[in-house]
Amino acid sequence: MNIFKLRKFDPAPLSASGQFDSGTTADKGLIALDIQSKYLFVDESGNTYHEYFVPGTPDVQNCGGYVDKVIQYRDPALVKYIREAGIKSEVFAKSPFPILATRSPRLDLLLYALMLELVARQGIERVSLLDHGCTVGEHYDLLDIMLRAGSNDRATAFDLLSYYGLDKSAMLLSIAKLLHAQAQPEHFNLIQAEGSDFPFSRQQFDLSLSVGVVNHTAWPIQALEKILAATRYACVLALWVTADDDGFWAINHSSVPQYFFSISDLRRILQNRGEGRFYSTEFVVETEASQLRSYVGIGEEKLRTLGSYHLVFSTLRELPFEAEELLF
Amino acid sequence: MNEDRGLAPRELKWCVGKFVYARGASKPLHFMELKNFIIEDATDYSHLFYLRGLRSRHSGRGPIDEELKRWMEGTAVKPLGEVVSHVLASVNSPRRSIVEYYPGVGLTVEYVKLIFQEHQAPSEKASGAIVSYEGRGPANLKNQFLVLQADQDIDVQYSSDLRPALSGTDVVTVINLNQSIRYDVDSQISLESFLESSGGPKVLALRVTSSDENVWHMTVKGRPIMLPALGEVFDVCKQFGSHWNFRFIERFDAGFFLPMSGAPTGLLLAYDARRDWPLKGYNKG
């Protein structure tokens, strides 16, 4: 039997400082990057013994991550758990289903509460929702599960939501359509567009959602301004920010520029919107995030100055959950 | 690359993930480990929805990711789907079914549906080829299979019972041991006991060695696996039926195994339609 002994290793350990700690800008074109997704095997001398490549384009890898979420959400055991344990953040946090404790479901809880609020207090029969960077429409699934569970099946996303998913990937939108073939087409709309280049009118949507997508659009500040302008009542966001006075450009693992908003950026955006406030429900410093390797050439010290907010922009007088207003 | 594959090193360092290089550099600037759902599942899901998109005409006409296209062409899905369709066509019954051991996400039947759709009138449903599809594999893959295969027109089931089942003549049994290797699960299937107890038409897909003897190999996932000798599989199949047909694809996805000296590996596809039912590219072994 000729079997190898394998030992895992890290071919590029994270260091205290990184090549791009001082930031880069999309237009400087500092360096050309090649990205490979593969298995790598190295012998005792450090020479490559074997490589096995797997598809590594963002579309394929996003398909893996987001279809996997839909599969987990549609697990009958998870649905049963939510029905029995209730729709609360503490229930999600302590659930036997790890996915419920992750970022997206926590944000969906906020959306769910906002939907109920709009139906109950604003008399809205069908809530319009912009899902900015919708990938395969996985938020629709969890919202549907929560609506059914919270109403003894009297309410569903099919009859309570007018969904507008926007994504730049034709492949992911095609999968979104296939996965939601039962949804009424007039209330399950998919739009292919870059995340800062869309045509929605002022206050077209009751609610909107963007989970980190604003940060890696071509024009992040304009993208966020346009989303807030298109939102009537509330926008739920995961937004990456920097503690520095100015915004910061990094490059992510897919070679896509990612912008970290500064507080002064948010202040200006709010002023331009003219009405509404930002509230924070959570802040995670980047060094405590689940994936420390998201950015190329960023060292640990720089990562400590970066983080992500769970933010809600709202024009409502009160929010249906606890949140701290961001005072600029 | 190691020049002397005959003296394969016993100890190797390994990793799997996304490597970012400054253009032209050999040392990575950045590394991010990838989880399994980004590696195996991502490619299978992408493949599944690409095929389904072709069938439903929601997509598949636009530009396709070239990297994904190359990957799909290197998998066993197309050749396996073709031979399963061929065997299915030999079944003279309106209640044709497929039972697939180690179905993964169900790519075989997705391809079968596509083939049938391409050869039928537009008014007929693509699922008209079969009335039921049962996957049999590890219990932890049940939900994935059922969610992805949910189909209003076909009875879809999944069982973790991997024992051979008595099957009728209208059930095509697919033993997809190629998929069990890719999904990094121990196959609990004894080919002999399967062939002995299964009465209906059958299709096999398995990795073999072209050596005269069974040979241990190691997958890139670090799992040692004994690949059966091609000749031995021929003999076992013929022992349980006289209508077997074989196709050997030498060096199929050879990189999935760590390089070793010796005879090349490959994919063996075989079928028994319980009668003479020839297919181009297949022979009697």
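1. In what sense do strand 4 (residues 127-132) and strand 7 (residues 205-211) of chain A pair, and over how many bridges? In this predicted model, the two strands of chain A run in the parallel sense, and their pairing extends over four bridges. Within this stretch, Leu130(A) is found opposite Ser208(A) of strand 7 of chain A.

2. This pair belongs to an open sheet of chain A, in which eight strands follow the order 6-5-4-7-8-12-11-13 and the pairing is mixed. The edges of the sheet are formed by strand 6 (188-192) and strand 13 (324-325) of chain A, each of which pairs on one side only.

3. Two helices of chain A should be read together with this sheet. Helix 7 (residues 170-179) of chain A lies across strand 5 (161-167) and strand 6 of chain A, and runs at about 170° to strand 6 of chain A. Helix 8 (residues 220-229) of chain A lies across strand 4, strand 7, strand 8 (231-242) and strand 12 (306-314) of chain A, running at about 160° to strand 8 of chain A.

4. Elsewhere in chain A, the axes of helix 4 (residues 103-121) and helix 5 (residues 138-150) come within 10 Å and cross at roughly 55°, which makes helix 4 of chain A oblique to helix 5 of chain A. The crossing of these two helices of chain A is right-handed. Helix 4 of chain A contributes Ser104(A), Pro105(A), Asp108(A), Leu111(A) and Tyr112(A) to the contact, while helix 5 of chain A contributes His139(A), Leu142(A), Leu143(A) and Met146(A); by class, these residues are six nonpolar, two polar and one charged.

5. Turning to the contact between the chains, 57 residues come from chain A and 56 residues from chain B. On the side of chain A that touches chain B, the elements giving two or more residues are strand 1 (5-8), strand 2 (33-42), strand 3 (48-53), helix 1 (58-73) and helix 7 of chain A, and this side has 29 nonpolar, 14 polar and 14 charged residues.

6. Strand pairing also links the chains: strand 1 of chain A and strand 1 (residues 11-22) of chain B run parallel and are joined by four bridges, with Arg7(A) opposite Lys13(B).

7. Helix 7 of chain A also meets helix 1 (residues 36-56) of chain B, their axes coming within 10 Å and crossing at roughly 70°, so the two helices are roughly perpendicular to each other. Ser174(A), Ile175(A) and Leu178(A) make this contact with Phe49(B), Arg52(B), Gly53(B) and Ser56(B), a set that has three nonpolar, three polar and one charged residues.

Terms used
Residues numbered from 1 in each chain as written. Chains lettered and ligands numbered in written order. Predicted model: local features only at pLDDT ≥ 70, side-chain atom pairs only at ≥ 80, totals over all residues. Pairing = 2+ DSSP bridges. Contact = placed C-beta atoms within 7 Å. Axes fitted to C-alpha atoms, helices over the stretch in contact; angles between N-to-C directions. Parallel < 35°, antiparallel > 145°, perpendicular 65-115°, else oblique. Nonpolar A, V, L, I, M, F, W, Y, C, P; charged D, E, K, R; others polar. Left-handed = near helix turned anticlockwise from the far one by under 90°.
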